[in-house]
Every structure is written in C-alpha cells, then in structure tokens.
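Please look over the sequence and the model before reading the report.

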Amino acid sequence: MPDSSATDARPAQHLGVVTLTLMTAALFLTLRNMPMMAATGLQMVFFNLITVFAFLIPIALVSAELATAWPKNGVFHWVEEAFGTRWGLTAVWLQWVQSVFGITSILSYVAASLAYAFNPALASNRYFIVGVILAVYWIATLANLRGTRASGMISSVCLSAGVLLPSVVLIGMAALYVIQGRPVHLDLAPTVSNWLPLAHPQDSLVLFLSFIFGVVGIEVSATHAREIRNVRRNYPIAVFAAAALGFVVTLLGGLAVAAVVPKGQLDLVSGSVQALKTLFDTWDLGPLVPIAALLVALGAAGQVSTWVVGPIKGLWAAGRSGNLPPLFQEVNAQGVPRNLLIVQALAMSTVALVFLVVPSVNTAFLMLTSAAVILYATMYLMLFAAAIRLRYTESDTPRPYRVPGGRVWGLWLVAGTGFVTTLACLLIGLLPPGQGVRETIYAPAMLIALALVITLPLLLYHWRRPAWAQTAAADKSIGTVELG
C-alpha cells in the first residue's frame, strides 16, 4: 500500500480513536479478497486469525513506534536510520516495485467485476481484462497528475459506495439466504482437516497469500500516530479496533461467498460479484446485478487511485536525497512527480501483459499476488529488523509511542512474530500458484526476479552523483511540496 511523508510539526488538530480506526480499516477493507478466502472454506477462520494477530498488528505497532520517533519519509527514513541510505533506498524501492504488481492484480479485479455489468463471460476474457486494466490505470494516472486532494476525496467516496455498501448487502442477503434454508455450499464438517490446511496444504497456502496481500500497507496508518492525543493509549485501541472490524467484515464476506457459490464454480477474481448475482437471482432481483457490479468496480478503482501516487511518495523522497537522477526528482505545478508516475504507468502496462501470456486469468491473478507479496515481504523483513536495531543503536531517541513490553522484550516478541510470519509468506510465495506452472521453473524464476529488483537500487546508489543531491538542495521550494 502507499507510503507517506510526515513533518516534524505538530498538527493543530488531533485525530480521535474512531476516526483513526476507520482510516486504518479503510487501508485493507475490500471485497477483492473474499473469493480467495471462500476458496479455503472454513480454513479462512484460521488464516484470518494468523493474518490479523501475527502480521497486521505487529506491523501496525512497530510502524507506530518508528513513525513517532522518525516521522519523515516513512520506510526509507526508518531503514536508513538503522542500516544506512543504501538499504533505505532498497526498502522503499521494494515497496514501490511491489505496487506495480499489486495495482495490476487490483485492476484485474476491477475488470472482472465490471464484466458483470455487461456480460459475465468477459470476466474470463484476457483481452477484456488487459484492456480495462490499461484504460483505468492510465485514466487514474492522468487524474493524479492534477494533484492528490481530489484523488483522496474520490477514494473516500469509492470506499463507502463500492466497499462498505456492497459488503453489507452481501453479508445481509447471505444471512437471509441461509436462514431460509437454501442450499449452503460451504463444507461445515467439524473435522480438523476442514478447519486447518492439512489436506492439499500447497493450494491452501498459496491462497493464504491473498489474506496477507489484503492488509499490506498497514504501516501507512502509523504516519498519523503523532496526530493522536495520548498516542500510547489510543493508537493501540484504534489498531486493534480496525483489525477487529476488518476481521469480522472480511470473514463474514468470505463465508457469504463460500455459502452461496459452489467451490468448483468460484471465480477467484470476480467471486464477490458472482455471489451477489447468485443472491439477487434468488429473489428475482437480477436487474440490480449491473448496479452492484459497477459499485464493486468503483470501490476497487478508488483503491487504485490511492495506489497510483502513494508508493511514489517514498521513492520520490529518497530521490530528493540524491539517490535518483534529477529527471526523476522533478514535480509538476501540483507537486506530483510526473516523470516517476509515467515510468510507473509504463511498467504496470508491461506487467499487465501477463494476462495475455498465462492461459488462466485466475492463475495470472495469483501469480501477480504472489510476486507482490514476495517483494513486500522482503521490505517488511527489513522493517522489523530496523525496529529492533534502532532500539539498541538509538535507544535515547524520544518515542512518543513504544511497543509495549519492557525495554526490549516486548519489541522482540511483536517484531519477531511479524518477522517469522513475513518470512513464511516469502517462502510460500515461491510455491507455484495453480496448475500449468512448473515448480522447477517458477521458484528459481521468482528468486532471480527478486535478486534483480534488489540489485537495481544498489546499483543506483553506487552510481549516484554529487550533482543529484546538489540539484535537490538547490530547489528548496520543490522540496517542501507535500504530495499527500
């Protein structure tokens, strides 16, 4: 998800617990993950618990400590403080590159949902998927070139109309569907293998990555930690409340999809709209399907609008420190790094072509999700390691918020749990996502791709020139532009 820059200045107004809870939940509440959750059956309860308590909460708490102690430039500045500029640049580079794959997978969901507004058969048409991906992304890019204030408003509207409303309708109608005694397609057998990924673990673990991908970017909420009154008390309350809200809504949504759509017919990309269509058809409300599909697509498109410029912020901040050529440090009159945005759009357009190469839309979607998780997981490993190191090397730095639990043991427990979970996700990402993908080729290819992605920022750092930093220092007015 997007990174954010903050300033040292204290805000004039404070965020309340409810406001921060909703802002945090908005980062990961989506219908996009519900079909993948449904595909795991009752195992979604187990996977959801792991995601929230072993991944989401550790990231949020560790990021809050780092954000209140070092509020500038997010991940870049945190890792830089711990391990130096070279690795700070690498961390924010990974955060940016993963967004290219992540945005593409989200846009494929937009396309598949949109298909139900016109012709459901288009949801599996790779040319339609690619066409919508390119059209929506370039429109979002051009819109963000005009500044991000309007984009933020659009994202808020899209969240309400395209995520919360359809989620409530889906869960409510599914509950009525079950109460009326209609056929339930979710296996409710009280067996261990039905609740835990013991049978065919590889398939379940690959789907588990979609749970993780649904909450990445949660560190963004930590940038608001300094805006909270009594941060030591209220921030954890907001994080746990957001985690509980996200857990309940996404779990109920996943159960709703699993209950009304047979697993053998479930589309991993457009399954949420597929479930809504089944429910509407049950009560002869078919004409509402196109409206629901448009709203769901709108909600995902709003997320894309945030993703478009968000990850660029951290990379641009690192570039302004002299780590990118002047060409990529430039911003337009609205303070938007236009050249970086255009490069990002070209890269995303290239990645979108995977849908034309991979035979199955579902497999392509899972491949993109796995790639995004592997890249983001590598960055999170650096983040957790940085937090632990800074507790020792910068122990006297004021921390308005501290991970609870003594001087170091609480941080070791929280960051250690997050580190182990993240490492497991990276390893799971090396498993082939679907039939037709050769294991002997897939894992080495992903590792080589990861190595190349990490090598690029290291080469950039090695090749940097003094003039790059001088250019940044000479234009102080640009340096003060706030991209958010």
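**Basis**

This is a predicted model, in which local features need pLDDT of at least 70, side-chain atom pairs count only at pLDDT 80 or more, and totals for chains, interfaces and linings use all residues. Residues are numbered from 1 along each chain as its sequence is written, and side-chain values use heavy atoms, without hydrogens and water.

**Overall content**

The protein has 19 helices and 0 strands (DSSP runs numbered from the N terminus: H or I of at least four residues for helices, E of at least two for strands). Of its 484 residues, 57% count as buried, meaning under 20% relative accessible area with a 1.4 Å probe, protein chains only.

**Confidence**

The average pLDDT (the predictor's confidence in each residue, from 0 to 100) is 84, and 89% of the residues score at least 70. Helix H16 (residues 409-428) has the highest mean, 95, and helix H19 (residues 476-479) the lowest, 44.

Over residues 475-484 the pLDDT is below 50, and this stretch has 15 contacts beyond near neighbours in sequence (contact: heavy atoms within 4.5 Å). Where pLDDT is low, predicted coordinates should not be read in detail.

**Helices H4 and H15**

H4 (residues 74-83) packs on H15 (residues 361-393) at about 55°, with the axes 9 Å apart. Axes are lines fitted to C-alpha atoms, for helices over the stretch in contact, and angles run from 0 to 180 degrees between N-to-C directions. The two helices are therefore oblique to each other, the class left after roughly parallel (under 35 degrees), roughly antiparallel (over 145) and roughly perpendicular (65 to 115).

Residues making the contact include Trp78 and Phe83 of H4 and Met379 and Arg389 of H15.

Technical notes: Buried means under 20% relative accessible area, exposed over 50%, partly exposed in between (1.4 Å probe, protein chains only).
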